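Please keep the viewer open as you read.

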Amino acid sequence: MKLSRRKFLLASGAGALAAPGIAGLVAPKDTVEIDSEREMSLWTQETPKLPSFPQFEGERQADLVIVGGGYTGLSCAYYAKKMRPDWKVVVLDSHTIGSGASSRNSGSVSPYYADKPEEEALGKRGLDRLKGFIDQQQIDCDFRNISMLRMQFSKEGAEAARIDNNPQTKWLSADVMRERMGTDYYTGAVEQQGAFSVHPTKLVAGHAMAAVEAGAELFEHSAVTNIEHGKPATITTPNGTLRAKNVFIATNAYTPRLGLFDYKMYPLHQYTLATRKLSAQEIQQFGLDEWPMRFEKRTLPITFAMTPSGHFFVRIVLGYASHNSSEWPDLKGAKELASRIFHQRFPRIAELGLEHGWHGVTGHTASANQIAGAIGEGNVHVSVAYNGLGIMPSHNNGYLSACNITGNKDQDTASLTGTTGQVFVPGDFYRSILFKPGFKFLTPV
Ligand SMILES: Cc1cc2nc3c(=O)[nH]c(=O)nc-3n(C[C@H](O)[C@H](O)[C@H](O)COP(=O)(O)OP(=O)(O)OC[C@H]3O[C@@H](n4cnc5c(N)ncnc54)[C@H](O)[C@@H]3O)c2cc1C
């Protein structure tokens, strides 16, 4: 049986939604984007280059084939090899290893899952696992404890935040922000300690090296174009085929283009724009050393953050591109929009020069629940759709999925609940009509 979009939907109980009539309108014919260009992020430019990995060719057998070489796929490869050193574990990436969201994000490490903020113990164990991995592998990825500002932009919001302010947080008035940060835009902010940040590309490079040292084989420019269900499953790439006892799908925002879950998840496009490298004096002048992470909570949230190397950046949500594409059709417009938003909030910092821009995609579900667990006949596993908050969850889910695949126990494997809790997301036809103008309308500029 092919794990094609339609068959998967039928198997997962969402088949009624793809009934004739509706299916004709929504079914996209799109396939994996093999030749798309990915402009390097600033993070990647400043990270020592990983060795190149070969393209997959020929006919092979493996105990575990992992589709996608970001945090999720590489973490699973590493832990699976640790749990089963005798297994042949293969990672296939359509582009270069780590070139997806794992090297394009804002580096804010949350100690909780987007869909389970109340499950503090689960998040804490996930964070401890990630920290333990970084320490044990001695990954130099600037993991650090920082303070975070929750910025307010309305009088009412500021008043409510000021009243709610608890002893663990500190209130910053609009006057303080004007004086210390050179901004008139905000009505105040709550300062919170206990946030964490990391250098995303150094972290994913560390994952790749750990997986290789553990004995996994990594392949680049080896897009999986089809997964045929069965025991073993058959994985097709442009230059070769693998028969796999187990498969792990770790393609996050790119998953719908693989033909899976396109009625359950969708990719959202983001753009990041960073200043030139600032001097120590400039960093101090605008309070960037004291408040390196600044978060504006909106329907389309905005993040400002300092990189460890001295660039201050803004990250904005752009919206949805047709056909679940992971390419944004107007990068020039995206850069202009990010620049306008930056100038509006922090004009004096923006004037210092906005030099580095990059684009990325995140995987979302309507309910904000991740999709993680066994699907199909039980030997195909998945972990995708972190709803924009995936650094800790992707690493932890890679570990938990490795437990499930190799038959090891962990108290948290029950948190991988598959596709339960998902809400139907209309297909591309409706998304294009509803999402695109919706995102434009909600853009906070
Ligand atoms: C701009 C931006 C800001 C973000 N900020 C934060 C943040 O501050 N904090 C946080 O926690 N999270 C953040 N995230 C989310 C976080 O980066 C992701 O959740 C995380 O990187 C997901 O890792 P992953 O390995 O699952 O996916 P990815 O890193 O996207 O890896 C998926 C891989 O699959 C490969 N692939 C796709 N299709 C195929 C195929 N058919 N065959 C083979 N390979 C394929 C891709 O090339 C890619 O390398 C952000 C994301 C973005 C884009």
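1. A word on classes to begin: Ala, Val, Leu, Ile, Met, Phe, Trp, Tyr, Cys and Pro count as nonpolar, Asp, Glu, Lys and Arg as charged, and the others, Gly among them, as polar. By that scheme, the shell around the ligand holds 15 nonpolar, 24 polar and 3 charged residues.

2. Two points on reading the model. It is predicted, so local features need pLDDT of at least 70 and side-chain atom pairs count only at pLDDT 80 or more, while totals for chains, interfaces and linings use all residues. Residues are numbered from 1 along each chain as its sequence is written.

3. Which residues come nearest to the ligand? Of the 42 around it, they are Gly68, Gly70, Gly100, Gly360 and Gly390; a residue is near if its C-beta atom, placed from the backbone, lies within 6 Å. Elements giving two or more residues to this shell are α4 (71-83), β11 (265-275), β15 (354-365) and α12 (391-406).

4. Now look at α10, residues 331-345. Its buried residues are Ala334, Ala338, Ile341, Phe342 and Arg345, where buried takes 20 or more other C-beta atoms (placed from the backbone) within 10 Å of a residue's own, and exposed 12 or fewer. They lie on the same side of α10 because they cover an arc of only 100° around the axis, judged by the directions from the helix axis to the C-beta atoms. Exposed Lys332 and Gly333 sit on the face turned away from that buried side.

5. Finally, the whole chain: buried residues make up 48% of its 445 residues.

Conventions. Helices (H or I, at least four residues) and strands (E, at least two) are DSSP runs, numbered from the N terminus.
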